[in-house]
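Me: I would like to go through this model with you. Could we take it topic by topic?

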Amino acid sequence: MNAQGETIAAIATAQGAGGIGIVRLSGAGVPGIAERLLGRMPKPRHAHYCTFSDRNGEPLDHGLLIHFRAPHSFTGEDVLELQVHGSPVMLGCLLGRVVELGARQARAGEFSERAFLNGKIDLAQAEAIADLISSGSEASARAAVRSLDGEFSRQVHRLTEAVVRVRVWIEAAIDFPEEEIDFLAAPQLAADMQGLQRALEELLGATRRGVRLSDRLHVVIAGRPNAGKSSLLNALAASERAIVTDLPGTTRDLLRETIELDGIAINLVDTAGLRDSDEPIESEGIRRARNELGRADLALLVSSDEHIDADLELLADLPKSAARIVVHNKIDRDGISAARRIIDGIAHLWLSARTGAGVELLVAELRNAAGLGDSPNGAFSARSRHVDAIERAGRHLDAARAALLEQHAGELAAEELRQVQNALGEITGSFSSDDLLGRVFADFCIGK
């Protein structure tokens, strides 16, 4: 995958004039480069004040040199950190100097890649580093830290171990067919298979919530014209972002707003009112609104009591996996109190976007949709590829259960469970291809 014998170097951070800049190196050549820069072999894990000079001995900058000996470093190799002033020009010169001394410039994500290949972190933890750097809210940052600490990986490992135990049971029964007891028909085996399915469904739900935290919750506001959609966007954004009038059809195009709401990063989209229209511009806006619903993680349907049945049909373009919340707006006009009810499994909220009454109920509901609920302590960051892997594992598990309980075919069930194990292994990297690793680390920034 990469030549780990090479010493790599990159500018890890550059915080501008007056800030701190770091040039980071990793590889077998680090001790020799450190000795050349310091004039003597540095003591591991000690900060050495150093004057960094060019090839002619002219000073480039003054700063700190810290050497981390293998395997006690982030990458598992010898690592050197050079902490200097944050001048981009001087950082570039210092990077050029260490390249002259035998390093090469690192590829995007190569430090994290080496940490993975050397067993310091697994693949899900490596991805959490990138998620932490790109996090757009406190909630997503905390979720990324939990993944980096291994919370997601531990859940995957626990499920994988349970799959292995059932697989061993089945394969042992296949290997000893002369036994009088039919171990494949044991009630406990059927119960264990059912338990695996429940655990997989729970992990899939948590992973989908982790994706929404990492990628921002994509919320689409939909409804009939003049239902108060733009007023709701303004209330959530806490600013007059959308034009509000009493005339139907005021919003004719998508209006996007990225907000952080009670610790949640949300991509909020106001759409044109959904109705039949012969007016070309409004019709195009309605078409775009329906397309946006097809991409939503969650739809806020702004409705009224008298139109609720017909309004629910407006969400026909919403993906099956997307959540929905029905907002009964304008309670200030109807003289009723803010409330929340669950009807047919869907949260219905009565509020006023104009006065703000009941908006806190919607904020709490959005927290639930983002996977935070009353507390973010259990949430971890995840990616779409993790969801895909767990969904594939679920299909193989369904096939294994059918092969075992309906066909009584132990060999087929064991093979399907092997596929479940492989799919889960893709998440942490215990089962992965070079192509997968290339795609994962290509998205990282230089120096990580």
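Me: What average pLDDT does the protein have?
Reply: This is a predicted model, and the protein averages a pLDDT of 83. Of the residues, 84% score at least 70.

Me: Where does pLDDT stay under 50?
Reply: Residues 242-252 stay under 50. For that stretch the model has 30 contacts beyond four places in sequence.

Me: On to packing. How many residues has the largest nonpolar core, and which have the most contacts inside it?
Reply: The largest nonpolar core has 35 residues. Those with the most contacts inside it are Phe152, Ile170, Leu196, Leu424 and Ile427. Helices α6, α7 (187-215), α13 and α14 (410-428) each supply at least two residues of this core. Apart from it lies another core, of 27 residues, which includes Leu261, Leu298, Val302 and Ala370.

Me: What does Ile170 touch?
Reply: Not counting residues up to four places away in sequence, Ile170 touches Leu184, Leu189, Leu404, Gly410, Ala413, Ala414 and Leu417.

Me: How many aromatic pairs does the structure hold?
Reply: The structure holds 1 aromatic pair. Phe152 and Phe380 form it, in a stacked arrangement with 4.6 Å centre to centre and 10° between the planes.

Me: Switching to charged side chains: which ring does Arg341 lie over?
Reply: Arg341 lies over the face of Trp350, at 4.6 Å from the ring centre.

Me: What about Arg208, where is it?
Reply: Arg208 has its place in helix α7. With a relative accessible area of 32%, Arg208 is partly exposed. Leaving aside neighbours within four places in sequence, Arg208 is in contact with Val387 and Glu391. Arg208 and Ser384 are 176 residues apart in sequence, yet 7.9 Å apart in space, C-alpha to C-alpha.

Me: Now the strands. How many residues of β7 are buried?
Reply: Strand β7 (residues 217-223) is mostly covered, with 7 of its 7 residues buried.

Me: Which residues are on each side?
Reply: Leu217, Val219, Ile221 and Gly223 are on one side of β7, with His218, Val220 and Ala222 on the other. Both faces are covered, as these residues are all buried.

Me: Which strands does β7 pair with?
Reply: β7 is joined to strand β9 (residues 264-270) by 5 bridges, and these strands run parallel. Within this pairing, Val220 has Val269 of β9 as its bridge partner. β7 also pairs with strand β10 (residues 298-303) in the parallel sense, over 5 bridges. There, Ala222 stands opposite Leu301 in β10.

Me: Last topic, the backbone. Which peptide bond is cis?
Reply: The peptide bond from Ala70 to Pro71 is cis, with omega near 0°. Pro71 is found in the loop between β4 (59-68) and β5 (79-85).

Me: What of phi at Lys330?
Reply: Phi of Lys330 is near 70°, a positive value in a residue other than glycine. Lys330 lies in the loop between β11 (323-328) and α11 (331-334). At 24% relative accessibility, Lys330 counts as partly exposed.

Me: And phi of His408?
Reply: His408 has a positive phi of about 55°, although it is not a glycine. His408 lies in the loop between α13 and α14. Its relative accessible area is 41%, so His408 is partly exposed.

Me: Why point these out?
Reply: Because most residues other than glycine have a negative phi, and most peptide bonds are trans.

Terms used. Residues numbered from 1 in each chain as written. Predicted model: local features only at pLDDT ≥ 70, side-chain atom pairs only at ≥ 80, totals over all residues. Heavy atoms only, no water. Phe/Tyr/Trp six-rings, centres within 6.5 Å; stacked < 30°, edge-to-face > 60°. Lys NZ or Arg CZ within 6 Å of the ring centre and 35° of its normal. Buried < 20%, exposed > 50% of the residue type's maximum accessible area, 1.4 Å probe, protein only. Helix = DSSP H or I, 4+ residues; strand = E, 2+ residues; numbered from the N terminus. Pairing = 2+ DSSP bridges. pLDDT = per-residue confidence, 0-100. Contact = heavy atoms within 4.5 Å. Core = buried A, V, L, I, M, F, W, Y, C linked by side-chain atoms within 4.5 Å.
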